[in-house]
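Start with the sequence and structure below.

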Amino acid sequence: MTTAEKQPWQGHPKGSKAYRNLLLALLFGGLATFAQLYSVQAVLPGIARDFGVSAADAALSVSAATLGLALAVIPWSWVADRAGRKRAMTWAIAAAVAFGLLLPLAPGFGSMLAVRFAEGAALGGIPGIALVYLNEEVQKLHAAVAAGTYVAGTTIGGLAGRLVAGPVAGVLDWRAGVLAVSMAAAAAAALFVWLAPAPRGFRPVARGQGPGLAALLLANLRPPRLLGLYAQGFLLMGGFVAVYNYLGFRLEAPPFSLPASLVSLLFLAYLAGTVSSRLGGGLTVRFGRLPVLLASLPVILAGLAATLAPALPVVLAGLVVFTAGFFAAHSVASGWTPRLAEQGRAQASSLYNFFYYAGSSLLGWAGGLFFGAAGWPGVALFAGALALLAGTTAVLTLRGAPGEGAGR
């Protein structure tokens, strides 16, 4: 055995072909995942008309997929520990594309929700594994930068799914809209499989060896530092979804009175997240993860404050700033999680995603209570309080953690 073979795998260096291919693969994987996950959000009125259901019931098509994803991320981590990261993600993305192509054929509302749940469960294999795969395959110094690239792909996917499905549905119907997104996701999935390099840092868990899934989950629910990172996903995602759920209602009402077609363009603010997630990852190399995470929170608060203005340009600028701050914080927290896990990295990453989507479902819905009681200022104050609580939690739990400062 040579000296190189005896040394542990250090990861692909930044600038190498394998490093570039891995980042491109994860970008396409994130695009395929989140384009499918959120595409129906742009065609909810068409779903409501087609099946004769209320707007609230139509929105269950979004919730069914996110629920399936939240429940599946942990089982997918078990699969990834045994089958390998790339192989598990390949299975997941292929199954998700298959369910996405079946969705337009759903004959009834109940069957459509069932397919959406299955699609979400399949998609759970991507966010729950991607960052673990990344942390095992690239040099530690550049892991945060690479994580930011993956999160950028998720923002592009979330935006593209909505912007493709909506116009196609306007010309044809909602079924054609989601079919177009699924076909685009299939192409992105093929690029992921083609570009993703073979794992070199993965060590499979043999049957009967090492701790079981329950033990690994418990091990990653005990450390305060990991709990602090899970809290970032839960609190910040909850406020983010609340803002995007209810700002449209404000803009459709006086004094703005915007048509629904223009309000849908709010999702273009996601492009700010595409830039900031990549930028946030890069800044961690220079300043460290915790400083960048904490610096993102005043950006979130400033954006929320601007959305309270009576002038539409100021509101839209505030939404862009708020979105940029959120995705910068999310890229740091999600990429930091597997780094802090001493065992069961896949389970730690899956737990982050579980809390992230739990925040989306629970706190995103709770924002409606504040909107009903105090209008848009109530939602802005609610999201701001969540950001302040996230910052306090980060300071209390993440000081001194590996990777906190520059060069660590």
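The protein has a mean pLDDT of 81, and 87% of its residues reach 70 or more; pLDDT is the predictor's confidence in each residue, from 0 to 100. This is a predicted model, in which local features need pLDDT of at least 70, side-chain atom pairs count only at pLDDT 80 or more, and totals for chains, interfaces and linings use all residues. Residues are numbered from 1 along each chain as its sequence is written, and side-chain values use heavy atoms, with hydrogens and water left out.

Confidence is lowest in helix H1 (residues 3-6), at a mean of 46. It is highest in H15, at 94. Over residues 1-5, pLDDT stays under 50, and the model has 1 contact beyond four places in sequence for them. Contact means heavy atoms within 4.5 Å. Where pLDDT is low, the predicted coordinates should not be read in detail.

The protein has 17 helices and 0 strands. Both are DSSP runs, numbered from the N terminus: helices are H or I with at least four residues, strands E with at least two. Of the 408 residues, 56% are buried, meaning under 20% relative accessible area with a 1.4 Å probe, protein chains only. Among contacts with a separation of 6 or more, 82% join residues 24 or more positions apart.

Now the packing of H14 (residues 270-287). Axes are lines fitted to C-alpha atoms, for helices over the stretch in contact, and angles run from 0 to 180 degrees between N-to-C directions.

| Helix pair | Axes come within | Crossing angle |
|---|---|---|
| H14 and H15 (residues 289-306) | 7 Å | roughly 130° |
| H14 and H16 (residues 312-340) | 7 Å | roughly 40° |

The H14 and H15 angle makes H14 oblique to H15. Angles under 35 degrees count as roughly parallel, over 145 as roughly antiparallel, 65 to 115 as roughly perpendicular and the rest as oblique. The crossing is right-handed: the near helix is turned clockwise from the far one by less than a right angle. H14 supplies Gly-280, Leu-283, Thr-284 and Phe-287; H15 supplies Arg-289, Pro-291 and Val-292. These residues divide into 4 nonpolar, 2 polar and 1 charged. Ala, Val, Leu, Ile, Met, Phe, Trp, Tyr, Cys and Pro count as nonpolar, Asp, Glu, Lys and Arg as charged, and the others, Gly among them, as polar.

H14 is also oblique to H16, in a right-handed crossing. Residues of H14 in this contact include Tyr-270, Gly-273 and Ser-277, and those of H16 include Val-320, Phe-327 and Val-332. The contact divides into 7 nonpolar, 8 polar and no charged residues.

Note on methods
Buried < 20%, exposed > 50% of the residue type's maximum accessible area, 1.4 Å probe, protein only.
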